[in-house]
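Hello,

Here is the structure I promised to pass on. Please open it first, then read my notes below.

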Amino acid sequence: MFKLNRLLTSLVCVGAFAFSASAAAQGRLTLYCSSDEAWCQQAKTEFEKASGVKVDMTRKSSGEVYAQVKAESANPKGDIWWGGTGDPHLQAAEENLTQAYISPNRKRVAEFAMNQARASKDRTIGIYSGALGWGYNEELLKKQGLPVPQCWADLIKPVYKGKVQIANPNSSGTSYTAMATLVQMMGEAEAFKYLKALHKNINQYTRTGTGPIKAVARGEALVSISFVQDGPGEKMDGYPVGTVTPAEGTGAEIGSMSIIKGARNLDNAKKFYDWALTAESQGRAKDVKSFQVPSNLDAAVSPLAPDLS
C-alpha cells in the first residue's frame, strides 16, 4: 500500500508539473523581429498589454532571422517572425519552415499584403510596404560641394568614392532588395557590373539595413542606400538627413509576418498574428517613427510615409 501511495503521489507530482509547464507555455510567446528596434519594442509591449501574454523578443535583420529559423528547424525555438523584407519570408515558406494560417483580420488588408499570402500559400502575409532609395547628409554634401545623387548612375561616379554606405545582402533584407531591384531593372550581368563599380564608392557594408542611414545622420557617410521611410525619423531627431528615390525607378519592400513551423506557443502566435493585422496596432508604428505604409486599409497613415503611387 505504501509503495502504491508513493507511486500515485509521484504521478500526481509529475502531472502537476506537466500542467504547470503547459500553463506557463500558454502565457508566453517567442517573437523574432526584423523591424526597427523601437518598433519591435513597441510591438512587444503593446501586445503584452492587449493579450496578457509574456513576449520574449529578439531583434535581428531579416536575413539573420531566416538563417536562424532554418538552423532551428529540427527543434524550433521561435513562434512568430514579424517584420523585415518579404523575400526571406517567402523563401522560408518555400522551404517549409513556416506554416499556413488564415487570419480573420486579413479581410481589410491591401492587395500587396494578399499577394504575399497567395505567393506563399498563406504561410506569410504583408504587414507594411516601403520604397527603396537613399538618404543623404544635407550639410556634408553642401560643405563638400557635391550634388544630391538623383539616379542609380550617379552613385557610381568618382565624386562619391568612399562616401556611400549599404548593408550586406547576406544579412540585410534591405540590401537584398536593392540587389534584386538592380537585377530586375538591368538584367543580371549588367546589375553585377554595376555593383562592382559601386563597390569602389562604398565605405562600409553594415550588418543591418538601417545602419547606413544612421551613419549618414552621424556624418559617417554622405549617402546611404536604404528605404526612404527610414529618413524622416532621423530628420525628426535633428539630423540633416534628406531622402530621394532614383529617377530610373526603384524597388519596394513588403514587410511580412510568418508563423514558424513547429511553434511551441502556436495559439499565442496566432493571437499575435491577428493583432498585428489590426488597424489599431499598425497605426501605432508612426508613434515610434516608423513610417512604412501599413497593410491594413483602415490604419492611420503618416504624411511622412512614402507615396507608393
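Start with the surface. The protein exposes about 14,700 Å², and carbon and sulfur atoms supply 55% of that area. Accessible areas come from the Shrake-Rupley method with a 1.4 Å probe, and for residues only the protein chains shown count as cover.

Now the ground rules. This is a predicted model, in which local features need pLDDT of at least 70 and side-chain atom pairs count only at pLDDT 80 or more, while totals for chains, interfaces and linings use all residues. Residues are numbered from 1 along each chain as its sequence is written, and side-chain values use heavy atoms, with hydrogens and water left out.

How confident is the predictor? The term pLDDT is its confidence in each residue, from 0 to 100. The mean pLDDT of the protein is 91, and 92% of the residues reach 70 or more. Over residues 1–25 the pLDDT is below 50, and this stretch has 2 contacts in the model beyond near neighbours in sequence. Contact means heavy atoms within 4.5 Å.

**Overall picture**

The protein has 12 helices and 11 strands. Both are DSSP runs, numbered from the N terminus: helices are H or I with at least four residues, strands are E with at least two. The C-alpha trace spans about 95 × 35 × 35 Å along its principal axes. Of the 309 residues, 51% are buried. Buried means under 20% relative accessible area, exposed means over 50%, and partly exposed lies in between (1.4 Å probe, protein chains only). Take the contacts between residues at least 6 apart in sequence: 75% of them join residues at least 24 apart.

Charges come next. There are 35 positive and 30 negative side chains, and the centres of the two sets lie 6 Å apart. Lys and Arg count as positive and Asp and Glu as negative; His and the chain ends are not counted. Each charge is placed at NZ of Lys, CZ of Arg, CG of Asp or CD of Glu.

**Aromatic pairs**

Rings of Phe, Tyr and Trp (its six-membered ring) pair if their centres lie within 6.5 Å; planes under 30 degrees apart count as stacked, over 60 as edge-to-face and the rest as tilted. By this rule the protein has 9 aromatic pairs. Why is the pair of tryptophan 82 and phenylalanine 272 edge-to-face? Their planes stand at 85 degrees, with the ring centres 6.2 Å apart. Tryptophan 82 sits in strand S3 (residues 80–82) and phenylalanine 272 in helix H11 (residues 266–276), so the pair ties together parts 190 residues apart in sequence. Tryptophan 82 is buried at 5% relative accessible area. Phenylalanine 272 is buried too, at 0%.

Phenylalanine 272 also pairs with tryptophan 275. That pair is tilted, 5.4 Å centre to centre with 50 degrees between the planes. The two residues are 3 apart in helix H11, so about one helical turn separates them. An α-helix has 3.6 residues a turn, so residues three or four places apart point the same way. Tryptophan 275 is buried at 18%. Trp39, Phe47, Trp82, Tyr128, Phe272 and Trp275 form one aromatic cluster.

**Glycine 83**

Glycine 83 is in the loop between S3 and H4. Is this glycine buried or exposed? Glycine 83 is buried, with 0% relative accessible area. Its contacts, leaving aside neighbours within four places in sequence, are Ser34, Ser35, His89, Ile127, Tyr128 and Ser256.

**Helix H9**

Helix H9 (residues 211–218) is mostly covered, with 6 of its 8 residues buried. These are Gly211, Pro212, Ile213, Ala215, Val216 and Ala217. Their cover includes strand S5 (125–137), strand S8 (223–227) and helix H10 (231–236). Glycine 219 follows H9 and has a positive phi, near 85 degrees.

**Two loop residues**

Asparagine 96 has a positive phi, near 65 degrees, though it is a residue other than glycine. Look for asparagine 96 in the loop between helix H4 (86–94) and strand S4 (98–99). Asparagine 96 is partly exposed, at 34%.

Lysine 289 is not a glycine either, and its phi is positive at about 65 degrees. Lysine 289 lies in the loop between helix H12 (279–283) and strand S11 (293–294). Lysine 289 is partly exposed, at 34%.

Best wishes

Note on methods
pLDDT = per-residue confidence, 0-100.
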